[in-house]
Amino acid sequence: MEKPRNAILHKLVDIQYQRNDINFTRGTFRVRGDVIEIFPVSRGDQAVRVELFGDEIERITEIDVLTGEIIGEREHISIFPASHFVTAEEKMKLALVNIERELEERLAELREAGKLLEAQRLEQRTRYDLEMMAEMGFCSGIENYSGPLTFRERGATPYTLMDFFPDDYMVVIDESHVTLPQVRAMYNGDQARKTVLVDHASACLRLRTTVL
């Protein structure tokens, strides 16, 4: 197929791959003339080499990352995003508006309670995150914004593996007398930690993630 080199590079950046011509690790790509090498996050020791002739993709091969040896030629290849938190640009813009709205509400609450330092820290961190998401499509700790990004109601639980099972599935828990208390302890510990983060505004505006 015909696809300009820069269009491929821009698409890789859009799905959160980083260009690194020196340290070739998972989730990165490197460019040498008309050759693009991509290290998918789903691979352990194999990368994808895309060779172009002008705007035409001439050859796709899988290579050994360490030796550069060609493992095989491919007619097509799927490159999945480098992060789970990838969404369409239109949805991202709407999510940013919702996060901004929540931020203003939380800032008003903190200032009314006389927590000016907490309000300042919250505003500084969140606006930095908003700018990063707007420009780069992601930010450090983007999982804290999973609620707005997936348009869940406040207090709603995040999506888990359970959501992919049918309604009539059965779960068998081995050593349940140990496993279930551990799950409860994880919930209580996570809830306590995130309550402190929300109250003191040390991470982001509202961590709407609940452990089941």
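## A buried glutamate

Glu51 counts as buried because its relative accessibility is 18%; buried means under 20% relative accessible area, exposed over 50%, and partly exposed in between (1.4 Å probe, protein chains only). You can find Glu51 in strand E4 (residues 46-53); helices (H or I, at least four residues) and strands (E, at least two) are DSSP runs, numbered from the N terminus.

Which residues is Glu51 in contact with, leaving aside neighbours within four places in sequence? They are Asp34, Val35, Glu56, Ile57, Glu58, Arg59 and Thr61, where contact means heavy atoms within 4.5 Å.

## About the model

This is a predicted model, in which local features need pLDDT of at least 70, side-chain atom pairs count only at pLDDT 80 or more, and totals for chains, interfaces and linings use all residues. Residues are numbered from 1 along each chain as its sequence is written, and side-chain values use heavy atoms, with hydrogens and water left out.

The chain has a mean pLDDT (the predictor's confidence in each residue, from 0 to 100) of 84, and 93% of its residues reach 70 or more. Over residues 202-212, however, the pLDDT is below 50; this stretch has 44 contacts in the model beyond near neighbours in sequence.

## An arginine and a leucine

Now look at helix H2 (residues 89-112), where Arg106 sits. Is Arg106 buried or exposed? With 11% relative accessibility, Arg106 counts as buried. Its C-alpha atom is 9.4 Å from that of Glu123, 17 residues apart along the chain.

Leu161 lies in the loop between helix H4 (146-150) and helix H5 (176-200). Leu161 counts as exposed because its relative accessibility is 59%.
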